[in-house]
Amino acid sequence: MENKTEYSRAATVGIITGGESEESVHNSLDELARLLDTAGGEEILRLTQKLPSPNPATLIGEGKLYELCLLCRDNGIELCVFDAELSPSQIRNIEDILGDVRVIDRTMLILDIFALHAKTGEGRLQVELAQLRYTAPRLTGHGVEMSRLGGGIGTRGPGESKLESDRRHVRRRITALEAEIAEMEKNRMTMRASRDRSGVPKVAIVGYTNAGKSTLLNKLTNAGILAEDKLFATLDPTTRKFCLPGGTQILLTDTVGFIRKLPHQLVKAFRSTLEEAVYADILVLLVDASDPDAEEQVKVTEETLSELGAAGKPTLYVFNKCDRGAANIGRFGIEMPENVAYISAATGQGIENFVSKLENIVLNGHSRETLLIPNSEAGALNSLYRSGAAIESVEYGEDVITVIAMLDAKTRGQLKKYVVGYTENDDE
């Protein structure tokens, strides 16, 4: 079924509990409004309520829910998006009062956007799996839900027609999808292993959604990735080769953006994609310096990386969109200010300085060397492979093997007699 964007007049709803500030809740609702815009809707009104804890039956209080019902009727609201994860019973109870107004939560909205933007076969399968895992129990046993599967925000995606089948069919479909994705993950692991054997440093561009990751990769490599001022414009990772000024080749990967309250179903379904950051040697953590909520976005990014097991890697913090205003990094708690760059990926401002700092991190005591190994001493080449050095090229001649590789000080010292131009003073 073709994905279509349907304009929806929507209300957003949030609760302010004891552990949250009003500013934090409204920042989250601002983001929810942007998600809604990405999905093709518009926030017409916003409703918040202070509560000691969420109402287990309807999230907000019953009186507030009836107030919401009147506001929806008076403003022609077609959709209510709650900035929380709703249980199946909460959705049913809310819909009983709101009537014909469609009710979804933050997770369902994000799933909808992923369904809209997934381009590759693997991406579509991952979205469908996440939708089935999350949405199936919320679309059964209430009568009206199935009649709402025809279109609109919160209902589209490759899994929607299959949700009209019974639960047993859904379970079978989930099992089949898991098997297909597992097979694709094997292929992805094979590709990663090939990259590891090449020894070329792997750099992942990570960050909050809409920080400008695709724009940066396009600027550096002419990758031709769609780069829009929308949340989750890019879902499928793209890897391109990039040559640093000193001649070192690296692999740059544009990754899926992070977001606060990233749905668990998406983390699980997209784990093989998100793990591009786990297998990277170096992280470029991109930040939208112009966003007033940038500090929270850095925190969310770092927490997500930690959850994925990608924390602790060499990281270059890059503050993007500085043509709109630079950030004061003091408030971000970055321990190594020298690993910070300010750029505008759109205009090219600061790119040269950024690339220079990235090269310093990549090299980290390594140097690009040419080695001439006599054919009679070919065992030295095996030693070079075992060392894990990044070997860029190997050329077999009549008398010697010519190798270009990135060597650390230890390996350079062990194979010094083969290094062109090497002197004893080089290790001092």
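Reader: What share of the 428 residues of the protein chain counts as buried?

Author: Of those 428 residues, 52% count as buried. A residue is called buried when its relative accessible area is under 20%, exposed when it is over 50%, and partly exposed in between (1.4 Å probe, protein chains only). Please keep in mind that this is a predicted model, where local features need pLDDT of at least 70, side-chain atom pairs count only at pLDDT 80 or more, and totals for chains, interfaces and linings use all residues. Residues are numbered from 1 along each chain as its sequence is written, and side-chain values use heavy atoms, with hydrogens and water left out.

Reader: How many helices and strands are there in the protein chain?

Author: There are 14 helices and 13 strands. These are DSSP runs numbered from the N terminus: a helix is H or I with at least four residues, a strand is E with at least two.

Reader: What makes helix H8 "mostly covered"?

Author: Helix H8 spans residues 213-221, and seven of its nine residues are buried. Among them are Leu 216, Leu 217 and Leu 220. The buried residues of H8 pack against E5, strand E6 (238-243), E7, E8 and helix H12 (351-363); contact here means heavy atoms within 4.5 Å.

Reader: Is Cys 80 buried or exposed?

Author: Cys 80 has 0% relative accessibility, so it counts as buried. Cys 322, at 10%, counts as buried too.

Reader: What makes Asp 281 and Lys 202 a salt bridge?

Author: A salt bridge needs a side-chain nitrogen of Lys or Arg within 4 Å of a carboxyl oxygen of Asp or Glu. The closest N and O atoms of Asp 281 and Lys 202 are 3.4 Å apart, so the pair passes. Asp 281 lies in the loop between helix H10 (271-274) and strand E8 (282-288), and Lys 202 in strand E5 (residues 202-207), so the pair ties together parts 79 residues apart in sequence. Asp 281 has a relative accessible area of 36%, so it is partly exposed; Lys 202, at 14%, counts as buried.

Reader: How do you know that Asp 288 forms a salt bridge with Lys 321?

Author: Their closest N and O atoms are 3.3 Å apart, so they meet the cut-off as well. Asp 288 lies in strand E8 and Lys 321 in the loop between strand E9 (315-320) and strand E10 (340-342), so this pair ties together parts 33 residues apart in sequence. Asp 288 and Lys 321 are buried.

Reader: Which residues are linked with Arg 260 in a network of salt bridges?

Author: The network links Arg 260 with Glu 31, Asp 83, Arg 106, Lys 261 and Asp 293. Arg 260 and Asp 293 meet at 2.3 Å, N to O, so they qualify as a salt bridge. Arg 260 and Asp 293 are buried. In total, the structure holds 16 salt bridges.
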